[in-house]
Amino acid sequence: MNILDSVKNLTKDNGAVKDLRDLLVLTNFVDEALEQFFTFRQNVANGEKLGWTGEMEDIGWAGAPCNPVYKTPTIPAAEKTWDIGQWSTPLKWCYEDFMNTIAEYALKTGTDIGDLTSTDIMDVIIYPALDLAIKRMFWRFIWFGDKAAANIAEEGGGNITAGFDVELFKPCDGFFKQLFAVTASNAAQRTTIAANAEASYALQMSKIKETGVAIGIFDSILENADPRISGLDGAGLFVTKSLGDALTKDLKREYKLILEWEQIFKGLDVSEYNGTPIYRVSIWDRMIQKYQNDGKKLNLPHRAVFGSPKQLFIGSPAGQIISDLELWFNQDERVTKAYSAGRLGCLIGEDNLFQLAY
């Protein structure tokens, strides 16, 4: 249901609401703080390199003879290339869409009736909804972006739910796609979650809750991870809510241990397992349910990423990730328009500093 459809459900003569400011906002999910999950780099150009150096190889040999043989130790280096894509939000609204609804009371009069700027329609209905939609747009780009996105029903088969416009995912390759590529070439960095392969949503959800399953997944992640990960600034286990909830249930059942979750930011719950912070990222669950659903089962509904946001980079030629929004009344077309555009790219840092489960 879009904004206009929701307003049309509220007729102007129902005798209940005559002021848009009296409307109660429908319950929305509270999204996790976007900026907690990556490191932003500004003024990044397409094709630019992101590089870093590693530790010097071992040095120090027995003895101190005369005329020693001098050696040049190697210092490993690596680089990756920024692939910056474009996005835009061209939007428009016609005043006629608000006629015969309660929003009609907020329209301007006379010749100005088509101008929705500086009205309660814009301030109370459209702006708040647009703000939330833009934030979720970046969640979609950054984690679920795929420049080769395809619908499930398309030839060759993609992961995007039938009916969704695949252009919603194509500005850049997101972190999940890049991280999956890393573990595809290095199986040691992946713990396979068997429940993901079940043939129905019901089985996917029930199998993950079976005795010992969740505990085994988390233990495997931590045991097989590069030991340097734990020492990284901000490192933690970032997991879907389904997987975090399964661990909570498993620990209570097996060890009578209550895994307490504390909300540190709106929508972001944190706990701890064997000394490692766990962040429950519920927006991942909602996006998988919405965007990667074939009607019978979900695409990898249970996921975990062990790493640090300091190794997850977002780059843009601009100085900020969210661009300014332009809003104006087009006198020729007699519609109100809004437009925002920008460029964005995602890049993971050192490949071996991530451990995944999916």
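**Exercise 1.** At roughly what angle do the axes of H2 and helix H3 cross?

*Solution.* Before we start: this is a predicted model, where local features need pLDDT of at least 70, side-chain atom pairs count only at pLDDT 80 or more, and totals for chains, interfaces and linings use all residues. Residues are numbered from 1 along each chain as its sequence is written, and side-chain values use heavy atoms, leaving out hydrogens and water.

Step 1: Helices (H or I, at least four residues) and strands (E, at least two) are DSSP runs, numbered from the N terminus. Axes are lines fitted to C-alpha atoms, for helices over the stretch in contact, and angles run from 0 to 180 degrees between N-to-C directions.

Step 2: The axes of H2 and H3 (residues 175-185) cross at roughly 15 degrees and come within 4 Å. H2 and H3 are therefore roughly parallel (angles under 35 degrees).

Step 3: Contact (heavy atoms within 4.5 Å) is made by Ile142, Trp143 and Phe144 of H2 with Phe175, Phe176 and Leu179 of H3.

**Exercise 2.** Describe the sheet that H2 lies across.

*Solution.* Step 1: Three strands form an open, antiparallel sheet in the order S5-S14-S13; strands pair if DSSP finds at least two bridges between them.

Step 1: S5 (91-93) and S13 (326-330) are the edge strands, each pairing on one side only.

Step 2: Three bridges join S5 to S14 (residues 335-339), and Trp93 has Thr336 as its bridge partner in S14.

Step 3: H2 (residues 120-144) runs at about 160 degrees to S5.

Methods. Angles under 35 degrees count as roughly parallel, over 145 as roughly antiparallel, 65 to 115 as roughly perpendicular and the rest as oblique.
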